[in-house]
Amino acid sequence: MKYNARDIKRTTPSLFDVENDQTHPLTTHLLEWYDEHKRDLPWRHTDDPYAIWISETILQQTRIEQGLDYYYRFMSTFPTYQDLAMATEDEVMKLWQGLGYYSRARNLHAAAKSIGDSFPTTYDEVIKLKGVGPYTAAAICSFAYGLPHAVLDGNVYRVLGRYLGIPEEIETSKGKKIYSQAANYLLSKSRPADFNQAIMDFGAIHCSQHSPKCDSCPLIDGCYAHSVGQIADFPVKKKKLALKHRYLYYIAIEKQHYTYIYKRTGKGIWRNLYEYPLIELEEAITVNQLLLRDDVKALWGKQNEVDSIAVICEDKKHLLSHQYLHANCLVVKLKTKETHTSAEEEFNETTSPLLAPEIPELKSLYGENLRCVPIDSVSDFPLHKLMTIFQEQQKSLKR
Ligand code: SF4
């Protein structure tokens, strides 16, 4: 059988019209390349499905350099899925803090709790775990158990899309099906785990998005995109949606030695993470305009007087997958009543959470998700990226 990338593009199924005992040249070249260039990563030295699950979940949307630290900390804090299942959600979220895409942590936790006496051992069982999709299920099953399931991630789409010249968009169900068939067809049946690692490493290191090393590429003879000079056009993707701009104004209200944070709930970003009271607007306004707004003043109520206001963060830009956040943060210090300044009460205010000053307006706004906490202990809670930036800023202003 002679392989020709142009034929494959015209009639993708022709890729599969080969005898079972034949190995496609792409498979052979990728395994040879991998044997020489594979990266030494900690989760490649284990066949523990739990460790592989954790590493694969951390590495989704995260660079390896950033993910390594999280992987080590996660595995030393929760070495087994039973340890993870017994943790509180706040403990899990705290460990995940800074990684983003927090639903991954919530799903890991929920899935760990759902596992019985032993970790599932088949693809059909693994994919039923909450948050585990086809990619992670294939990775766990091939890396831990040597089962023949091909992975599909951004690197695999790029290598296959370019090499085979697949014209379908990768986001469509037809596109996904074609890629999945191609990847499973090309998967080495004798070395499925190595093939999966090989094609992902090759896409990350050699056939990278912006600077593929075509001149030294072992696949160059069969590569469709290279042969027609259209490397940047593959894999074919849908046009990106316009970014949505959101203008966020966080108000850190401080009274005595306390401040107020609440846990985000419901759908949307940063669920179950804590943040300061928030006013979100459709467009940017100045601090003076903000402080004239009734909904801002209503946060601390008429019974409280403002002592001082400090702007600690102005128009901090933060990019998420489909959103462009413009974040601002003000610290509003409220006056303390004369009657609260006896030596005994001063002592109690700093040591006893029972005397934390309630603000009924905040309580009615955030209900049971509101926490009134000592100012210095905000960072003990699981926070999202913007909140950690505000915390650092507040600390540096106090120094
Ligand atoms: S020839 Fe270039 S585009 Fe084709 S697989 Fe190799 S590195 Fe990627």
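Mentor: A residue is near a molecule if its C-beta atom, placed from the backbone, lies within 6 Å of it. Keep in mind that this is a predicted model.

Trainee: OK. How many residues surround the ligand, and which are the closest?

Mentor: The ligand is surrounded by 15 residues. The closest are Cys207, Pro212, Cys214, Cys217 and Cys223.

Trainee: Which elements give two or more residues to that shell?

Mentor: Those are α10, residues 154-164, and α13. The largest share comes from α10, with 3 residues.

Trainee: What does the shell around the ligand look like by class?

Mentor: The shell has 11 nonpolar residues, 2 polar ones and 2 charged ones.

Trainee: New topic, helices. At what angle do α2 and α12 cross?

Mentor: The axes of α2 (residues 25-37) and α12 (residues 192-206) cross at roughly 75° and come within 9 Å. Angles from 65 to 115 degrees count as roughly perpendicular, so α2 is roughly perpendicular to α12.

Trainee: Which residues meet there?

Mentor: From α2 there are Thr27, Leu30, Leu31, Trp33, Tyr34 and His37. On the α12 side they meet Asp194, Phe195, Gln197, Ala198, Ile199, Asp201, Phe202 and Ile205. By class, this contact of α2 with α12 holds 9 nonpolar, 3 polar and 2 charged residues.

Trainee: Is Gln256 buried or exposed?

Mentor: Gln256 is buried, because 21 other C-beta atoms lie within 10 Å and the cut-off for buried is 20 or more.

Trainee: Then why does Tyr101 count as partly exposed?

Mentor: Tyr101 has 15 C-beta neighbours inside 10 Å, so it counts as partly exposed. A residue with 12 or fewer would be exposed, and one with 20 or more would be buried.

Notes
Residues numbered from 1 in each chain as written. Predicted model: local features only at pLDDT ≥ 70, side-chain atom pairs only at ≥ 80, totals over all residues. Axes fitted to C-alpha atoms, helices over the stretch in contact; angles between N-to-C directions. Helix = DSSP H or I, 4+ residues; strand = E, 2+ residues; numbered from the N terminus. Parallel < 35°, antiparallel > 145°, perpendicular 65-115°, else oblique. Contact = placed C-beta atoms within 7 Å. Nonpolar A, V, L, I, M, F, W, Y, C, P; charged D, E, K, R; others polar.
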